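The following questions and answers examine how structural terms are assigned. Please consult the sequence and the structure shown here.

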Amino acid sequence: MKLGVMLLLLLAPLLSLVALGRACLSPEEAYRFTGAVCRLTYPAALVLNEKTTRVIEAAFQHAKYPSIEGQKSMVVFGKVSYGLHNLEIHNLSIGHSEVKLHAGEGIGLLISNVSAVFKGTLKYAYGSWLIRVAQTVDFEIESQIDLGINPKLYCGAGKVAADTSDCFLTFHKLKLILQGDRAPGWLKRVFTDFVTFTVKMVIKGQICKEINNVANILADFIQDQAGQFLSDGNITIDIGVTSAPVITSNYVESYHKGLTIYNGTKAVINGSVFHPSQLTEDRMLYFWLSDDVFNPLIAAAHHEGRFIRNISGAELMNLFKTDLSTEMPASIKQILASETAVLTAWSVSVPQLWSVPDGTHVKAVAAVELSPGFPSSDIPSLYFETEVEVSVQTSYADKKLILKATPVKISIDKILQNQETIVLDGALVNYLNEAVEKIGIPKVTSFLEPALTDLMDMQGLNLFDIINPEVVTQNGYVLVRMGFGFPHHLLVEFLKKTLV
């Protein structure tokens with residue numbers, strides 16, 4: 001079980017969504033099909049915006065600038081043909097980036113004071129059929145630009161997508177320099193107006209095109225990352241959206257299916273209790289998770305044989321050194337005296353989970369077998385089944401998952417010795433009840449905490465700067481809220497792998 005999933009990076013949580021099984025609904029219609037919700041508030045958008053310049057730089061540098069060719073008729077020289085080739089960008093710097101959330105519309109991003117030098121080769125020719133002059137000179141174009149993008153988010157093509165066609169560049173400076181000569185010679189006067197106008201159009205077209213391209217690439221990249229984070233072996237989760245995201249002046253909110261897929265079967269959610277009023281706006285990032293997400297996930301883990309544990313050797317001996325008020329029965333002492341003694345515990349049936357204000361309750365029927373490690377009529381093995389209900393409080397601190405399980409109900413339902421049912425002896429039942437409470441439950445918790453932490457760390461959760469996370473349980477859902485610092489490694493990895 002995993003806790004989970006700048007213009008482009010601001011959109012990443014919304015763009016990183018997999019295919020839809022049903023058509024996108026209105027948010028109100030989609031609530032009952034929603035298993036998970038992500039709310040990103042404006043302070044979080046500001047944090048993500050800090051990384052905007054890196055992606056915009058990548059878009060400028062990765063853009064392919066085509067050759068520009070044209071003709072112009074002039075009184076003195078007749079028809080002048082020109083061509084600008086090998087256009088490259090140098091000395092790129094970005095001054096400032098601002099982001100705004102426009103309620104019901106989209107996200108506004110303004111990148112100001114973008115300075116760059118474009119270098120290339122200018123070929124030109126003029127004259128008549130009798131005398132024709134052709135030359136090639138190197139050129140530079142000094143530029144200072146503001147870039148504005150107002151992406152609109154929509155639901156289509158099987159995912160949430162961003163329409164970045166509302167992209168504009170404002171040129172505060174565009175100065176043509178030929179062969180390093182900054183003096184206004186005749187050639188410069190001839191070419192400056194119509195060449196710079198053409199260059200403006202090409203730069204605008206290519207930059208806006210590249211931003212859209214990078215947006216799509218980043219969407220796929222983040223989608224792959226999210227898919228990997230929510231997958232483990234044969235168990236995966238469909239995080240496709242149920243509706244287009246909602247944008248207010250204070251937050252962006254996306255609605256996800258959260259359907260477990262196991263052995264070709266996909267879970268169904270059609271009675272979710274989600275409502276936007278269950279989330280507030282005082283933290284940076286919220287994840288709302290329905291019990292309907294967790295229960296199919298637990299069922300898949302049960303059928304996969306994930307809930308089984310063998311304990312032997314010193315680990316087993318140390319377990320039974322726990323102080324109990326009930327005396328250890330002689331039959332158990334006899335088994336533990338064997339150097340090859342083994343304890344095996346597993347889930348008999350699919351555990352059930354439900355969340356209430358005091359915690360997440362889990363009910364499970366577990367089987368426990370304690371054997372000498374070899375068949376023996378003299379030292380009979382002990383098998384028993386216990387139904388356990390615990391209330392679990394979950395927290396995350398120092399990059400570790402912490403589970404606090406409080407027993408609610410424990411019962412011993414069946415006891416066998418060497419696979420034969422025996423009468424439920426009062427002393428043995430009392431001992432097993434206390435052992436389950438004081439040995440079994442803490443042992444399961446101590447196993448799950450590092451196992452789940454390692455599982456999340458394998459997907460890079462420990463590289464995120466998670467600030468003061470809180471896990472709050474209510475009737476039918478779990479709410480995770482936190483502050484965060486953007487994982488710089490994710491952006492660097494994306495830029496290295498993609499923009500080469």
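Q: What covers the buried residues of α6?
A: The cover includes β9, β12, β14, β16 (342-347), β17 (352-356) and β23 (477-485). Helices (H or I, at least four residues) and strands (E, at least two) are DSSP runs, numbered from the N terminus. This is a predicted model, in which local features need pLDDT of at least 70 and side-chain atom pairs count only at pLDDT 80 or more, while totals for chains, interfaces and linings use all residues. Residues are numbered from 1 along each chain as its sequence is written, and side-chain values use heavy atoms, with hydrogens and water left out.

Q: Which residues of α6 are buried?
A: They are Asp291, Val293, Phe294, Leu297, Ile298, Ala299, Ala300, Ala301 and His302. Buried means under 20% relative accessible area, exposed over 50%, and partly exposed in between (1.4 Å probe, protein chains only).

Q: How do you know that the span of α6 agrees with its number of residues?
A: The expected span of a helix is 1.5 Å times one less than its number of residues. For the 13 residues of α6 this should give 18 Å, and the end C-alpha atoms are 19 Å apart, which agrees.

Q: Where does α6 lie, and at what angle to β12 does it run?
A: Helix α6 (residues 291-303) lies across β9 and β12, running at about 15° to β12. Axes are lines fitted to C-alpha atoms, for helices over the stretch in contact (heavy atoms within 4.5 Å). Angles run from 0 to 180 degrees between N-to-C directions.

Q: What makes β9 and β12 a pair?
A: Two strands pair if DSSP finds at least two bridges between them. β9 and strand β12 (residues 259-262) have 4 bridges in the antiparallel sense, and Thr236 has Ile261 in β12 as its bridge partner.

Q: Why do β9 and β13 stand at the edges of the sheet?
A: The open sheet has 3 strands in the order β9-β12-β13, with antiparallel pairing. β9 (235-238) and β13 (265-266) each have a single partner strand, so one side of each is left without a neighbour in the sheet.

Q: Which strands pair with β14?
A: Strand β1 (residues 36-41) is joined to β14 by 5 bridges and runs antiparallel to it. β14 also pairs with β23 in the antiparallel sense, over 6 bridges. Tyr286 of β14 is the bridge partner of Arg39 and stands opposite Arg481 in β23. Of the 6 residues of β14, 5 are buried.

Q: What makes Phe274 and Trp288 an aromatic pair that is edge-to-face?
A: Rings of Phe, Tyr and Trp (its six-membered ring) pair if their centres lie within 6.5 Å; planes under 30 degrees apart count as stacked, over 60 as edge-to-face and the rest as tilted. By this rule there are 6 aromatic pairs. Phe274 and Trp288 are 5.0 Å apart centre to centre, with 75° between the planes, and so are edge-to-face. Phe274 is in the loop between β13 and β14 (285-290), and Trp288 is in strand β14, 14 residues apart. Both Phe274 and Trp288 are buried.

Q: How do you know that Arg39 lies over the face of Tyr251?
A: A charge sits over a ring if NZ of Lys or CZ of Arg is within 6 Å of the ring centre and within 35 degrees of the ring normal. Arg39 lies over the face of Tyr251 at 3.8 Å from the ring centre.

Q: Why does His62 count as buried?
A: His62, in helix α4 (residues 52-62), has 18% relative accessibility and therefore counts as buried.
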